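Let's take a walk through this structure together. Have the sequence and the 3D view at hand as we go.

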Amino acid sequence: MKKNSFIESELENRRSQNLLRGLRTISPISGIEIDVDGRTMLNFCSNDYLGLSRHPLLRQRAAEFMEKYGAGSTASRLVCGTYDCFEQVENKIAYLKGSETALILNSGYQTNVSLLPALADRETLILSDWLNHNSIIQGSLLARCRVERFHHNDPDHLKRLLKENQDSGISRVLIITESVFSMDGDQSDIDALVKLAEEFQALLIVDDSHATGVLGKRGMGLTCGKNVDITMGTFGKACGSFGSYIACSKKIRDYLINFCYGFIYTTALPPSIIGSIDAALELIPTMEKERLDLLKKADHLRSSLHEMGFDTGDSSAQIIPVIIGDEEETLALSKQLEEDGILALAFRPPTVAKGESIIRLSLSALHTQEHLEQLIDIFRRWRG
Ligand SMILES: Cc1ncc(COP(=O)(O)O)c(C=O)c1O
């Protein structure tokens, strides 16, 4: 047996199922158009929901912070110390989230894979929504404790699991869910979850990644002003930058600084990134009109798709899954969209369950009515 034989056979396996992934080179033309192999494509798959990634203020602030602090942060924040710009931005996050404190981490993925292991011991029970993001699934596995998944967006099932596990010798319960689900664009009932967490003395952790910048008070997410123990979110989506935050009490922040290895054992984010996050946090509270327009466009797109008989599940935000089901058909539709100048990716197993393939559309504040009509027209022609 050759040492690399499993690599070739696994790749072949994926290839034969038409599931092989690869990287393609693109370059940005505008906030909403990208060049793919010399063709200008309209982008309906980015998470840059407010179009901030190319905003002049983010680029300018990134340059200013790099000029002042240098290109890299040189070490973990626990080693040489923490630059004041991190703490200033953390204070801004806490103010906007309405939390006592905040902590910046290097990415949403890194946060989820290290937060759960930091909070769990072997006798912990993690209760996790069925449709939680892969980073939460990986974090749950790394926590090396019992994990139960509750039916998607179903507080009644969660309550049953909480009841069943009362007095069962567990040390603590962690409930984890997303506020806006990354594939389906539906929303959690945060109030119901807060109530259950309080009743059963469980720690409630909410991944607010897809709501940060788009929904909630000042657009800062669905957990703003709610009694959620720990909120995490990313700066890589509507904030147009990179990195992640945790909003929590001072005690929990102190705990994580001591026990969260994804914070401790890594070089801090580059100052330029902190600069662009700072600028995004300045702009987001002022973008109420853009947010309203974005959600109106999402409503219009959903109702147009429904009129043609397409199913968009329970989507109620800027992420719209068009549920096709069959993998081949989903791929064919994605190809048709691409031929017509639209980039909208097909999500197939293993990202979604077998037979539940979707085209995931994500809208940006930069999409115009004409862009939407162009997209709707392709779906109409596809329906025949
Ligand atoms: C719900 C959710 N959480 C976390 C992440 C990871 O965030 P980041 O891109 O900052 O690593 C993502 C990104 O895909 C996500 O959709």
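This is a predicted model: local features need pLDDT of at least 70, side-chain atom pairs count only at pLDDT 80 or more; totals for chains, interfaces and linings use all residues.

Strand 13 and strand 14 (residues 357-362) are paired in the antiparallel sense, over two bridges. Zooming out, three strands make up an open sheet, ordered 11-14-13, with antiparallel pairing. Strand 11 (319-325) and strand 13 (346-347) are its edge strands, each pairing on one side only. Now look for helix 12 (residues 327-339): this helix lies across strand 11, strand 13 and strand 14, and runs at about 30° to strand 14.

Next, turn to a pair of helices. Helix 2 (residues 56-69) packs with helix 10 (residues 271-283) at an angle of about 140°, and their axes are 7 Å apart. Because of that angle, helix 2 counts as oblique to helix 10. The two helices make a right-handed crossing. Among the residues in contact are Leu57, Leu58, Phe65 and Met66 of helix 2, and Ile274, Ala279, Ala280 and Leu283 of helix 10. By class, the contact of helix 2 with helix 10 holds eleven nonpolar, three polar and three charged residues.

Our last stop is the ligand. Of the 14 residues around the ligand, those that come nearest are Ser107, Gly108, Tyr109, Ser182 and Thr234. Helix 4 (residues 108-119) supplies the largest share of this shell, three residues. And what is the make-up of the shell by class? There are eleven polar residues around the ligand, along with two charged and one nonpolar.

Terms used: Residues are numbered from 1 along each chain as its sequence is written. Axes are lines fitted to C-alpha atoms, for helices over the stretch in contact, and angles run from 0 to 180 degrees between N-to-C directions. Helices (H or I, at least four residues) and strands (E, at least two) are DSSP runs, numbered from the N terminus. Angles under 35 degrees count as roughly parallel, over 145 as roughly antiparallel, 65 to 115 as roughly perpendicular and the rest as oblique. A crossing is left-handed if the near helix is turned anticlockwise from the far one by less than a right angle, and right-handed if clockwise. Two residues are in contact if their C-beta atoms, placed from the backbone, lie within 7 Å. Ala, Val, Leu, Ile, Met, Phe, Trp, Tyr, Cys and Pro count as nonpolar, Asp, Glu, Lys and Arg as charged, and the others, Gly among them, as polar. A residue is near a molecule or strand if its C-beta atom, placed from the backbone, lies within 6 Å of it. Two strands pair if DSSP finds at least two bridges between them.
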